[in-house]
Amino acid sequence: MANFTTMNGFLLMGFSAKPELEILCASLFLVSYLVALTGNILIITATSMDDSLYSPMYFFLKHLSFLDLCYISVTVPRYICNSFMHNGNISLWECILQCFAFTLCGCAEMVMLTVMSYDRYVAICLPLHYEIIMNFNTCIHGILAVWISGVISGVMHTAATFSIHFCGTKIIHQFFCDVPQILKLSCSNEYVSELGVIVFLSLVAFLCFICIGLSYMHIFSTVLQIPSAEGRAKAFSTCMPHLSVVILFISTGVFAFLKPHSDSPTALDFLLSVFYTVLPPTLNPMIYSLRNKAMKTALRKVFKRRKAYFFC
């Protein structure tokens, strides 16, 4: 990539200084992005068109897929273009916007996963009260909480990050405007306020993780009481992949922000960034569609309709 940056912008270094290796990484990211794009669009389409999927679970799933689309689109397309064009320059305002959108989507997704775990808790542990508890108003309030928390977190995080002064060469050793890497460019200890925001958001993430953990503890406790071995296996096979992605997303994101940062980038920094930026939006459609009979049936209906429309 270019070895310069403007006074009012930054230089995103990406994964490697070797153009061939950078193109290879960008190609892998392009494949992941297309998979995430296709999978999430299919889920949004199926849950919107099939009347049998008009339930709180699929209502939240549709919004999760939309969030996944936004989340991965904030960082990956820009990195792919930068790699193929061999130009990592990004203006200050583009970096601010990317930081805000990334934080908004990341925090909103974390809260969304918490809301979805509560929905599963009510459905499995309190099935007789499910329709009363998870009514229309509850669903709307849940979505409002998701977006409001995302916007507040995005504003706090972005304002605290870009209120500091930057010294020296403004080189970000990452493929997007990553806050931990931006903080390395601060002139002195001006990032103390930003560290306070990071600690606060980490506590929120921890509380979300605790809520998700408690929900799944009750879910697994209820599932173990199912007399049928086949029923228990079905419930566990549905819950475990979702729980694994939740743990991967929250743990890697929090660890990346709280771990001590070295002056030179490490392979761990890049690996963690991939874990909490690319993998969750790519894996979620596979978990929620390929392992769900109702979703697979709805997708077949969508394809049949499209096929019939095409031949007409």
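Phe-209 is partly exposed, at a relative accessible area of 34% (buried is under 20%, exposed over 50%, partly exposed in between, with a 1.4 Å probe and protein chains only). Phe-209 sits in helix α7; helices here are DSSP runs of H or I with at least four residues, strands are E runs of at least two, and both are numbered from the N terminus.

A word on the ground rules: this is a predicted model, so local features need pLDDT of at least 70 and side-chain atom pairs count only at pLDDT 80 or more, while totals for chains, interfaces and linings use all residues. Residues are numbered from 1 along each chain as its sequence is written, and side-chain values use heavy atoms, leaving out hydrogens and water.

Phe-209 also belongs to a nonpolar surface patch of about 660 Å², together with Phe-206, Leu-207, Ile-210, Leu-214, Met-217 and Ile-247. Helix α7 (residues 192–223) gives the largest share of the patch, six residues.

Elsewhere, three strands make an open, mixed sheet in the order β2-β1-β3 (strands pair if DSSP finds at least two bridges between them). β2 (89–91) and β3 (171–172) are at the edges with a single partner strand each, so one side of each has no neighbour in the sheet. Strand β1 (residues 9–12) runs parallel to β3, joined by two bridges, and Leu-11 has Ile-171 as its bridge partner in β3.

As for confidence, the chain averages a pLDDT of 82, and 88% of the residues score at least 70; pLDDT is the predictor's confidence in each residue, from 0 to 100. Helix α5 (residues 136–161) has the highest mean, 92, and helix α11 (residues 293–311) the lowest, 67.

Notes: Patches are made of residues with over 30% relative accessible area and no salt bridge: like charges are joined within 9 Å, nonpolar side chains (Val, Leu, Ile, Met, Phe, Trp, Tyr) within 5 Å. Accessible areas come from the Shrake-Rupley method with a 1.4 Å probe; for residues, only the protein chains shown count as cover. A salt bridge is a side-chain nitrogen of Lys or Arg within 4 Å of a carboxyl oxygen of Asp or Glu.
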